[in-house]
Amino acid sequence: MARSALSDLPSPTWTNWVGNQSFIPAFAAAPRDEEEVASLVRQAAQRGVGVRVAGAGHSFTPVVETDGLLLDLSALRGVLDTDPERKRATALAGTRIHDFYEPLWEAGLALRNQGDIDTQQIAGAVATATHGSGTRYTSLSGVVRGVRLVSATGEVRNVGEDEPDLLHAAQVAVGMLGVITRLELDVTEAYRLREQVGLRPWDDVMEHWDELVSQHRHFGFFWLPSEQSAALYKLERHGQRMTDQCYVKVYDEIGPDVPDDDTEGRRVDRSYRIFPMVFDPNFDELEYYVALERGPEALHAVRELMLTRLPDSVYPLEVRTVGADDAFLSPQYQTATTSISVSGKPGTDYWDYLRSIDALLAEFDARVHWGKLHFLTPERLHALYPRADDFIALRRELDPDGVFLNDHLRPLFA
């Protein structure tokens, strides 16, 4: 099979899903297999050209941007293997999260947890520590048990549990260690969920925080600062007052004898049919994480800031929890967290708002979501991520010339 030469590759404009990131790479390619990925990376490295991977474009940050080679791994798609005995699944990097549903279910398996958007490519979701909710479960990165990685020299390397430090670095690498071509994930037995949704006053949710976190498989909510907030995320109003209410969602595992249900405020179905939620790309998002036990204090502070100093900030405040893991750059490195997300309207100057949130949550030692807008500095990186130096050392070892860095990542990780 003929391999593409960089000089032959067209370079269309790339734009992410919400349109806040856009650029024209020098070269763009959609390799058909791992061999072609390796060939393209090798050519780029030899010419001193940087390489980034596009994924499905769900990041709000410039993690994809490059003036070199941009790779689209959409052709590397599909679940390759399911192992019910070991409870493992292997998939190609460009596999969408929703591509896992039927192959896993047919094998009596399911993803342990997931977020509410299921169109991301699995490698991109893992690279940025994309997550669902529930302190008993990690992000998607935390269930990665092995990857195949194309290094900066074009060599293919298998990284598994026999190299724990390298695996923990690769679990959340934001594309800086190489191009992941396939992943092995720890999955679980197929399960069904009961979803219950309802409005609860802010004070009621805060009063019962510990109970809500501990007693449900998944718990999360949108706090609505105004009457206009719910419509922005298409949340049901049902004629009720929405200001200062929490749109609460709890999921609990349910046995096979309970029939499927789809009534107002309640659903029972297969797990993968309950998790997804459809969003219009009408927001740009910042998401920070504070230690679980400091969640209520941080949330009270953010709410007060939004109500008193930022009255025009009407997008819902999204709150979830995430379990601890061991990935070096994970926001959940060895600690369960409270996830706090705020959004601004595309096309508006929302930076003062986001910087105010950043300054406030810095007081709570907040870590960042790598795919969401953030203001992390090198000083904060090393203060907040105990294994940052170890990650950087491994990155330099695997990619001494910084082929997989870009202008967004270089100040933090060079």
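The model is predicted, so local features need pLDDT of at least 70 and side-chain atom pairs count only at pLDDT 80 or more, while totals for chains, interfaces and linings use all residues. Residues are numbered from 1 along each chain as its sequence is written, and side-chain values use heavy atoms, without hydrogens and water.

Helices here are DSSP runs of H or I with at least four residues, and strands are runs of E with at least two, numbered from the N terminus. Helix α9 covers residues 295-308.

Next comes the partner of α9. Helix α10 (residues 351-362) packs against α9 at about 150°, with the axes 10 Å apart. Axes are lines fitted to C-alpha atoms over the stretch in contact, and angles run from 0 to 180 degrees between N-to-C directions. The pair is therefore roughly antiparallel, a label for angles over 145 degrees. In contact (heavy atoms within 4.5 Å) are Ala 298, Ala 301, Val 302, Leu 305 and Met 306 of α9 with Tyr 353, Ser 356, Ile 357, Leu 360 and Leu 361 of α10.

Now the sheet. Nine strands form an open, antiparallel sheet in the order β16-β17-β13-β15-β14-β19-β20-β18-β21. Its edges are β16 (261-263) and β21 (367-368), each pairing on one side only. Pairing takes at least two DSSP bridges. Two bridges join β18 (residues 284-291) to β21. Tyr 288 stands opposite Val 368 in β21.

Conventions
Expected span 1.5 Å × (residues − 1). Parallel < 35°, antiparallel > 145°, perpendicular 65-115°, else oblique.
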